[in-house]
Amino acid sequence: MIRFTATFWALCFSLMLVSQSNINTNKFKQLHDELPTPNAYRTASGAPGPWYYQNQADYKMTVKLDDEKQTVSGEETVTYTNNSKDPLKYLWLQLDQNIRAKDSQTKLISDSKIDAKTNSWSMKRMLNDFDGGFKIEKVTDAAGKDLSYTINFTMMRIDLPQTLAPGGKYSFKIKWWYNINDRMKIGGRSGYEYFEEEDNYLYTIAQFFPRMCVYNETEGWQNKQFLGSGEFTLPFGDYEVSITVPEDHLVAATGELQNASSVLTSGQRDRLAKAKTATIPVMIVTQAEAEENEKEKSKGEKTWVYKAKNVRDFGWASSRKFIWDAMGVKSGTNTVMCMSFYPKEGNPLWEKYSTEVVAHTIKTYSKYSFDYPYPVAQSIHANSIGMEYPMICFNGGRPEKDGTYSERTKYGMIGVIIHEVGHNYFPMIVNSDERQWTWMDEGLNTFVQYLTETEWSDHYPHRRGPAAKIVPYMKGDKKYISPIMTNSESIWQFGNNAYGKPATALNILRETVMGRELFDHAFREYCQRWMFKHPNPADFFRTMEDASGVDLDWFWRGWFFTTDHVDISLDEVAWYQLNTQNPEVEKAWQKEKDEKERRFIGEIRNDTTLKRILDEKPELADFYDSEWKYQVTEMDQKDYERYLKGLDKEEKKILDSKLNFYQLNFSNKGGLVMPIILKVQFGDGTHDVIRIPAEIWRKNNDQVSKVFFFEKEVKQFELDPFLETADVDVNNNYWPQQIIPSRFEMYKEQKRERMNPMQRSESTSESME
């Protein structure tokens, strides 16, 4: 055993303190430590480098839906192209359905507890005994020879008989099936909705086949287990998928329908052709036709064939209940068929809004990123869902049975359609790693969703985007807040962290830090650099700086790498005016000031109760008992004249300006450095707005002072007057200090039937009749 003296340990401790004191903690430090070193794959500018590559996975599939047993079965041939410089001994595939397998890790790691608030919905999920997961029947090479494979929960490794060399291709086959989950009972990103009254099903099918993992230079194989939160990381490829369903079903899917003459009537094809140039949605299948179709179940089958090029995934929907409408819109030189499929239960909302919202989304997103490159964009209605796949998405938003709906339902439906259609851009085209970084698609998409909502109406009730809406989250308990740069499976408050906060951050960049012109150019540059590629966070951060010429490292660090919040306090204001040195002016000013001074209570009482000697014997008073301090003497005048002779013309101009000087002291109480936006209200009712860049905090991250001068007197200073920085405490934003009122109401429980405003309005009208 080695023994050390106390002196030795004291020396070690002092060295540790010295080392810590030398750490640069300045919030404007560059992000060299946090971001990966640029290289030939990904450059310091944020662009793909000369060595950048991505592998490709092409699929040819036959799939069958069993409407009696609620199963999907299929066979696929996958052709994998190795564009990397690395030889590959094995391939990794994702088996996402295995999250519902009986041995699922997700069930074991879910944090759950039973208390008085546990409801039947969560209990059903917790106690369900659903037999989910892929049933893999065989894995073979292209010639049908068995391949060795290993299933590790939601991942499957296929061991190759020979190493796949750089530039090489390999084809293999998989046969599988699985039970479809009832979404309304046990949830899920896909599954079926059952309509008990008519014994019909509506299927929204995704993650339905074994899918290739991404292999790249940053992660190798991205084979992190799918635990439920971190979604999907997928390579691009071409798809040909044949889907066999009951004969009376309509099928919507990723890509373009190849055999319309076999599965659609001539009338439906004619309507579809007219829709391509229509300015309003055209009904391909009307509600009356859908209601007639859903009455009886056909015993026959049809096979729908779809092809899609350069997509990262494939999804589809099938039901005999579908109403179908469509409308073509231009995106650059491309005509995009915007389409909606929905059951009668979705009307009147869906017939009125869905396809119009799809078209509006395509137009608006394209303006901020790139022209939509795919031939179709589809919105499928199923209850209580919001999920996205290339060219197709599944969306909730269902009115009441009487056809009325609340404002929340209407805008929830419009919002989810915008959001899920918007996912075509992020991550279906700008193909980030969802398994690792949820914010890279959800946050960016929520930001452009906000821009799209603002172009829908001037009274849109946004959930996310404006800075003030993130304040309750930002000022919450830090134990339950994660930095945005947290792996998708480890995030506290998923929606606020991965959707709301990054969307707010980008909005602040656009409106406050960079300005719209610089931001829009840089954001569009990022989108176009990385469309049909796999960006990482550093690629986004670096591109935004590279294309704008704005150093944003301080912003990325604060908003994305920490849980700090914004709370800039206006601590003190000192008001100064120039001393003119003119005795007539200054002594009169001093007299007025002294007369306004507050007096001690004893002096006030003495004025009315005491009899003073000088009042009784005024002859005792001398020079110092007069107002001598305020009298202007000849000596005072001569001193002033000498002073003026020593001033040049500019100095005399300043002296005569009668400027008011204000020193404002600010403190950073929340940790996030931000620009200082100051509204100055003058005594004459006019105002000015001063915008100080965040770099004012560059030398002292905690406290700064700034002197302002005005010709007018200031009545009020106000920080963050336009609610643009997400400041969590507005009570310290004013001088003079203001107390911001809030309202509370006396609570008395009243039992009444819950009605949406439409129902209440109709009920009132009926009662008046």
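Residues are numbered from 1 along each chain as its sequence is written, and side-chain values use heavy atoms, with hydrogens and water left out. Because the model is predicted, local features need pLDDT of at least 70 and side-chain atom pairs count only at pLDDT 80 or more, whereas totals for chains, interfaces and linings use all residues.

The protein contains 21 helices and 30 strands, where helices (H or I, at least four residues) and strands (E, at least two) are DSSP runs numbered from the N terminus. Its radius of gyration is 35 Å, well over the 27 Å that the globule rule gives for 769 residues, so the protein is more spread out than a compact globule. The radius is taken over C-alpha atoms, and the globule rule is 2.2 Å times the number of residues to the power 0.38. The C-alpha trace spans about 125 × 95 × 60 Å along the principal axes. Of the 769 residues, 50% count as buried (buried means under 20% relative accessible area, exposed over 50%, and partly exposed in between, with a 1.4 Å probe and protein chains only). Among contacts with a separation of 6 or more, 75% involve residues 24 or more positions apart; contact means heavy atoms within 4.5 Å.

Strand pairing requires that DSSP finds at least two bridges between two strands. Strand E1 (residues 56-66) and strand E2 (residues 71-81) pair in the antiparallel sense over 11 bridges, with Asp-58 opposite Thr-79 in E2. The two strands form a hairpin with 4 residues between them, and Gln-70 in the turn has a positive phi of about 55 degrees. E2 also pairs with strand E7 (residues 169-179), in the antiparallel sense and over 11 bridges; there, Tyr-80 has Tyr-170 of E7 as its bridge partner.

Strand E3 (residues 88-94) and E10 share 2 bridges, and Leu-93 has Met-212 as its partner in E10.

The count of salt bridges comes to 45, a salt bridge being a side-chain nitrogen of Lys or Arg within 4 Å of a carboxyl oxygen of Asp or Glu. Asp-67 forms a salt bridge with Arg-320, the closest N and O atoms being 3.2 Å apart. Asp-67 lies in the loop between E1 and E2 and Arg-320 in the loop between E18 and strand E19 (323-331), so the pair ties together parts that are 253 residues apart in sequence. Asp-67 is buried, with a relative accessible area of 8%, and Arg-320 is buried at 2%. By contrast, Asp-141, in strand E4 (residues 135-141), is buried yet has no salt bridge, and Lys-145, the nearest side chain of opposite charge, is 5.9 Å away.

Note on methods:
Lys, Arg positive; Asp, Glu negative; His and termini not counted.
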